[in-house]
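This report sets out the arrangement of strands and helices in one protein model. The sequence and structure come before the description.

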Amino acid sequence: MVKRVIGLEEARRRLEGRWRPRPRVEEVGIWEAWGRAAAEEVRCGVDLPPFDRALYDGYAVRAEDTFGAEEDAPVILRVVGRVEAGDWPSVRVGRGECAYVATGAPLPGGADAVVMTEHAVEEGGRVRVYRPVAPGENVWRRGAERKRGERLLSPGRVLTPWVVGALAAAGVGRVRVYARPRVGVMATGDELEEPGRRLGKGKIFNSNGPMLCAAVASCGCIPVWLGVARDSPQELRRRISRGLSGCEALVVSGGSSEGERDLVPSVVSGMGRPGLLFHGLALKPGKPTFVALLGKKPVFGLPGYPLSALMVFHLLVEPYLRRMAGLPESPALSVRARLAEGVEKARGREELIPVKLRLGREGCLAEVVRKGSGAITSLLEVSGYLRVPAERERLAEGEEVEVFLFGGRLA
C-alpha cells in the first residue's frame, strides 16, 4: 500500500532509491553545442593567438628605432610594405624601416612593436613617428592567451555563448557533450482546448502544456508534446505508452486528485513495475503530486493548476531533468526580502506561497499573490515563492524571508 501523503525529502528518497539519472554522451558540431554540458576535457589544439598580432592599426617597427621620438622631433622611418588582416607578411622590417599593419594582422619579421596611427603620419613612403614605443607594445604575442595543449574546458562546464566562442576561436569544430534527453509532456482533462482555437462553452485553454514544455527545455531537455489526454483510461494508456516508447521521462499535469475523473495514477500504476512510488505530497499546493517508475523511466505527475504545477516542477522535477541532461544542479536562486504583510497557514505541512517582489524604501519587499494557484494571470505577477516549514503557522509582517525565484527575475 502506497503511503498517501509524504514529505518532499521522503519523496526524493523513494525515487532515488529506485532510479538515478544517467546522462548519455554524444559528439556534436560546435554550431549545435550551445547549452550543453561538456562530457570530457577539451584542450587547446593551437597557440592562441597563433602568431604575433597587431592590437591596433599602425606601423610595425623595431621599438629601439622609435626611442627619442617627440612631438617636435619625430623619428622618420621608411615604409617597406603593408600587411592586412588575413595576409601573411612578405617583408621583413630592418633598421630604420616599418610596415603598415591592420588590426589583427600578423607582425612581419624583425618588428617587435606597433606605433598606433594616431602617433604617426605617412607621406611619400616615409612615416614620421611622434611617440616612442616599448618592445611588445600594442602587440598580442603568440600563445599569450593559451598555449597549445593547455586546458580550455573541464567536464561538466556548460557551453554558454561565450564558451562556444572560445572553443571556436581555438579551432574546436566538434565536442563531446551530454545528450539532450527527450521528455514527454502531457496534459489531461476534457475541459482543455488548445491555444489559438475557438474556446467552446465550459472549456479553458491548455496553459500547462506550453508552460511545462518551456520548463523542460530550460532544463536542457527536448520537450515532446504528447497532447491533451481526455478523461478515459484507454486514451491515457495510449498517450502514456507513446511517450514511453520515444522518451526517457514523462511529465503529466492534472488528473491526479481524488475526483471521479482523476484517473492518471491508477492508470500509470498498472502500466509497469515498480509502478507508483508515491501519490500525495505533504505540500500545499501540490498534494496530488505523484511519481511512478515504469521500467527505468520516471513519470512525474503534477497538479493541474498552473502555478501549483510550476512550483512543484521547480522543486521536484527540475533537479532530475538537469541531471539527465548532464547539467550541473542549478543552485536555488533566491533573494532575501521582507514580507509586506503577515502570512498565516495551517500547521502540519509545508506551504509554498507565491509572491511578487518590489523595491521599497527599506529594500526588497515580498507581496503575497492571493489570486490562488488556479488563477492563470497570477503567472504574470509572481516572481517566486516562499517555502514555509510545516511547523510554522505564521510569518509576521516585516519578517525577513527567502524568496525562491522563477528564472531569476523580479516581476
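## Strand E9 and its partners

Strand E5 (residues 75-83) runs antiparallel to E9, and four bridges join the two. Helices (H or I, at least four residues) and strands (E, at least two) are DSSP runs, numbered from the N terminus, and two strands pair if DSSP finds at least two bridges between them. In this pairing Val75 stands opposite Val129 of E9. The model is a predicted one, in which local features need pLDDT of at least 70 and side-chain atom pairs count only at pLDDT 80 or more, while totals for chains, interfaces and linings use all residues. Residues are numbered from 1 along each chain as its sequence is written, and side-chain values use heavy atoms, with hydrogens and water left out.

E9 also pairs with E8, again in the antiparallel sense and over four bridges; here Val121 is opposite Arg128 of E9. The hairpin of E8 and E9 has two residues between the strands, and Gly124 in this hairpin takes a positive phi near 60°. The covered face of E9 carries Val127 and Val129, whereas Arg126 and Arg128 belong to the uncovered face.

## The sheet containing E9

These strands belong to an open sheet of six strands with mixed pairing, in the order E7-E4-E6-E5-E9-E8. Its edges are strand E7 (113-116) and strand E8 (120-123), each of which pairs on one side only. On average, neighbouring strands of this sheet are turned by 40° against each other, direction ignored. Such angles run from 0 to 180 degrees between N-to-C directions, and axes are lines fitted to C-alpha atoms, for helices over the stretch in contact.

## Asn138

Asn138 lies in the loop between strand E9 (126-129) and strand E10 (139-140). The residue is buried, with a relative accessible area of 14%; buried means under 20% relative accessible area, exposed over 50%, and partly exposed in between (1.4 Å probe, protein chains only).

The side chain of Asn138 reaches the backbone oxygen of Val114 at 2.8 Å. Leaving aside residues up to four places away in sequence, Asn138 touches Arg53, Ala54, Leu55, Tyr56, Val114, Met116 and Val133, where contact means heavy atoms within 4.5 Å.

Strand E13 (residues 182-188) pairs with strand E17 (residues 249-253) in the parallel sense over five bridges, and Val183 stands opposite Ala249 of E17.

## Packing of H1 on H6

Two packed helices are described by the angle between their axes and the distance between the axes. For helix H1 (residues 8-18) and helix H6 (residues 306-324), the axes come within 11 Å and cross at roughly 35°. The contact is made by Leu8, Arg12, Leu15 and Glu16 of H1 with Leu315, Leu316, Tyr320 and Arg323 of H6.

By class, this contact has five nonpolar, no polar and three charged residues. Ala, Val, Leu, Ile, Met, Phe, Trp, Tyr, Cys and Pro count as nonpolar, Asp, Glu, Lys and Arg as charged, and the others, Gly among them, as polar.

Technical notes:
Polar contact = N/O pair within 3.5 Å; in protein donor to acceptor, adjacent residues only side chain to side chain.
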